[in-house]
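Hi everyone, thanks for coming.

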Amino acid sequence: MGFDVSSFIEQLINGLTVGSFYALIALGYSMVYGVLTMINFAHGEIFMVGAYVGLYTMNRLVDVGLYDSSKILAVGITFIAGTIGAAITGVTVERLAYRPLRRAARLAPLISAIGMSIFLQEFIRLLPNMGEAITSISIGSFTLFPENIQTAVVGFLQEFGGSRVKTYPGVFGVGGFDIGDIHITYSRLIILIMSVLTMLGLYFLVRYSRLGKAMRAVAEDKDIASLMGIDIDQVISRTFLIGSALAGIAGVMMGMFYLQIRPTMGFVPGIKAFTAAVLGGIGNIPGAMLGGYALGLGEVIGVQFLPAVYKDIVSFSILVLILIFKPTGILGEVLAEKKM
Amino acid sequence: MKKRFSSLLERINERFSSPIGRWVLIGIVVGLILILPMINFQQRAFWVRVIGYTGLYIILGLGLNVVVGLAGLLDLGYVAFYAIGAYAYALLASGHFDIHISFWLVLPFAALLAGFAGILLGIPVLRMRGDYLAIVTLGFGEIIRMLVTNLTDLTNGSQGLIGIDSPYLFGLELKTSTHFYYMIFIFVIIAIFVTQRLDRSRVGRSWIAMREDEDAAQMVGVNTTRYKLLSFAVGAFIGGLGGAIFAAWQGSIFPDNFNLMVSVNVLCLIIIGGMGSIPGVVIGSFALITLPDILRQFADYRLLLFGFLLVVMMIARPEGFIPSRRRQLELHAEELAHAGPAEITTEGGA
């Protein structure tokens, strides 16, 4: 089999698409690590919640007919809803599970984060069951909720979560265009452009806004930043807000691209995005973007030589190898050991 | 609320920390466990299975406790060693390759193999701490599971390995749950004895020193490289042992038996019981493995509850229900530092 240039370029574009997902999620890991020097284990689940909120919104828009009359508006609203859903989840998680542990021993916030990750996953999976259990509470013959409320609540929760795989409508279609022999689908192009724009926005926010300045100050030294009059809790909370919002965008995008979503969908992209963050140098924002794209391309190239089932093993091995040989990552500033 | 909850536990702990009270309690529990399979009651088979399974988790918990609780290395891929032990026995004592080696020969081999894998994992992660270690070990656990699923020629993939040989003891074929119930009981006693001796030895003190402050430990002459690898090896050895017993008991194993949730379960029971505390591991196993099995109607909510418990425990009582004293002091060092000197003496004397 000869070397096929056009299929190689198609694969590269494929890698960049996957890399976009990783980069967007990796940014959340990296930003949180920057201000808290902790890995937000629940980040993959925040991404998952974004996908679920997005899907629920989209289905309602299909119901009211907006999706048919104006597809762009519907997709826009879906993205906004997914982003807001993920952002709210992220801020809540920080407030409930991490803030009380700000001064605790090293392992405590990490274990709390693992707990939060399991909790969120199970929460989405069990939503309909919990709704049914709660609304069917009865004392003797007296039921707490009338039957119509019960069916409404359970119906709503089944629409929203549950253990079964849910499917996004095929928004992007399968269309595309050709440049010579190279076939590019619209979906990949849209994802690439949207991710790059989002990341540019983030870069300028962190580089030039007041909040960005405060975030960098907190990342540098929390105590000194606080002496300079920066409200640390607020900055951390907003960092979670922005990082989770990016994960929400990635969640909706991934739902629209791969169509299927499930409560466990956050785990593998979460670990890979973490790998990407480490690859680029955790705590470093351009590094996370670079790491995301590098990992996406690396995976696509790896699959050329190995069976596809080994794709995940390749990523995990990359992670282990970087941590052994270059724990600071490509653009790294923070040592794996030093800031622990 | 948080204070009152803690002081209630403190009082229960005190009640049982008097030597006589403790031995009476241990005697009653051990006696009950020993006679349980002999009593004839309706759900006997179910109970024997559940308690036997709990025992298996106590073994795993004791192993991981060495790594997480004593040496302070957060290992999220513990299931890998369990899987290695189980597959080692299944491959060497089943019709898959038509190799049939005695359980008692394979058992130490499986445990050693897992221990060796522990060292292999330990070497690259020597320089890592905390979060990084957690992620890499998590990745290692997943890699092993994926390999087991995908190396179809060796492991028969997701079809699993079936028809695994039963162990023989003096001509008696060990195949019922009651047999394994007693076998696991004996291994639990051995594991408790070994880990407790380790905890109180020079090795245990080095682990704890390392956990408290790695740099300081190194400064006073603890060879941290050696002790880190040793803790990984001991933990993995015990995990491999558990895996081989599991494979022999079940008679068939599948890659799905070795998913991330096993690691999470074991980690949870250690944390709920109290990191570094051996009675904590036992209590934690009964609380997290036996209870959900009895409360069948809540079985679905098990993981949801675990996740919630981890967060709540970290905030309200990071030292677990039956804390080891040193660990408790470490986790509350900050509070103690802020408290007046009088309070330190009362805490220390309790």
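Let's begin with a pair of helices: α2(A) passes α4(A) in a right-handed crossing. Before going further, please keep in mind that what you see is a predicted model.

Back to that pair. In chain A, α2 covers residues 43–64 and α4 covers residues 71–98, and the two pack with their axes 7 Å apart, at an angle of about 145°. Who meets whom there? From α2(A), the residues taking part include A:Ile46, A:Phe47, A:Gly50, A:Val53 and A:Gly54. Across from them, α4(A) brings residues including A:Ala74, A:Ile77, A:Thr78, A:Gly82 and A:Gly85. Sorted by class, this contact has twelve nonpolar and nine polar residues, and no charged ones.

Now let's step back to helix α1 of chain A, residues 5–36. How far does this helix of 32 residues reach from its first C-alpha to its last? The span is 45 Å, close to the 46 Å expected at 1.5 Å a residue.

One residue I'd like to pick out is A:Tyr33, which sits in helix α1 of chain A. Is A:Tyr33 buried or exposed? A:Tyr33 counts as buried because 25 other C-beta atoms lie within 10 Å, and the cut-off for buried is 20 or more. Setting aside its neighbours within four places in sequence, A:Tyr33 is in contact with A:Met38, A:Ile39, A:Ile282 and A:Gly283. There is also A:Thr239: 206 residues away from A:Tyr33 in sequence, yet 10.0 Å away in space, C-alpha to C-alpha.

Next, the place where the two chains come together. Here 36 residues of chain A are in contact with 33 residues of chain B. On the chain A side, α5 (107–135), α11 (267–280) and α13 (311–325) each supply at least two residues. Which helix gives the most to that side? It is α5(A), with 14 residues. By class, the side of chain A that touches chain B has 28 nonpolar residues, three polar and five charged.

Finally, a quick look at chain B. Chain B has 17 helices and four strands, and 47% of its 350 residues are buried. Taking contacts in chain B between residues at least 6 apart in sequence, 78% join residues at least 24 apart.

Note on methods:
Residues are numbered from 1 along each chain as its sequence is written. Chains are lettered from A and ligands numbered from 1 in the order in which they are written. This is a predicted model: local features need pLDDT of at least 70, side-chain atom pairs count only at pLDDT 80 or more; totals for chains, interfaces and linings use all residues. Two residues are in contact if their C-beta atoms, placed from the backbone, lie within 7 Å. Ala, Val, Leu, Ile, Met, Phe, Trp, Tyr, Cys and Pro count as nonpolar, Asp, Glu, Lys and Arg as charged, and the others, Gly among them, as polar. Axes are lines fitted to C-alpha atoms, for helices over the stretch in contact, and angles run from 0 to 180 degrees between N-to-C directions. A crossing is left-handed if the near helix is turned anticlockwise from the far one by less than a right angle, and right-handed if clockwise. The expected span of a helix is 1.5 Å times one less than its number of residues. A residue is buried if 20 or more other C-beta atoms lie within 10 Å of its own, exposed if 12 or fewer, and partly exposed in between; C-beta atoms are placed from the backbone.
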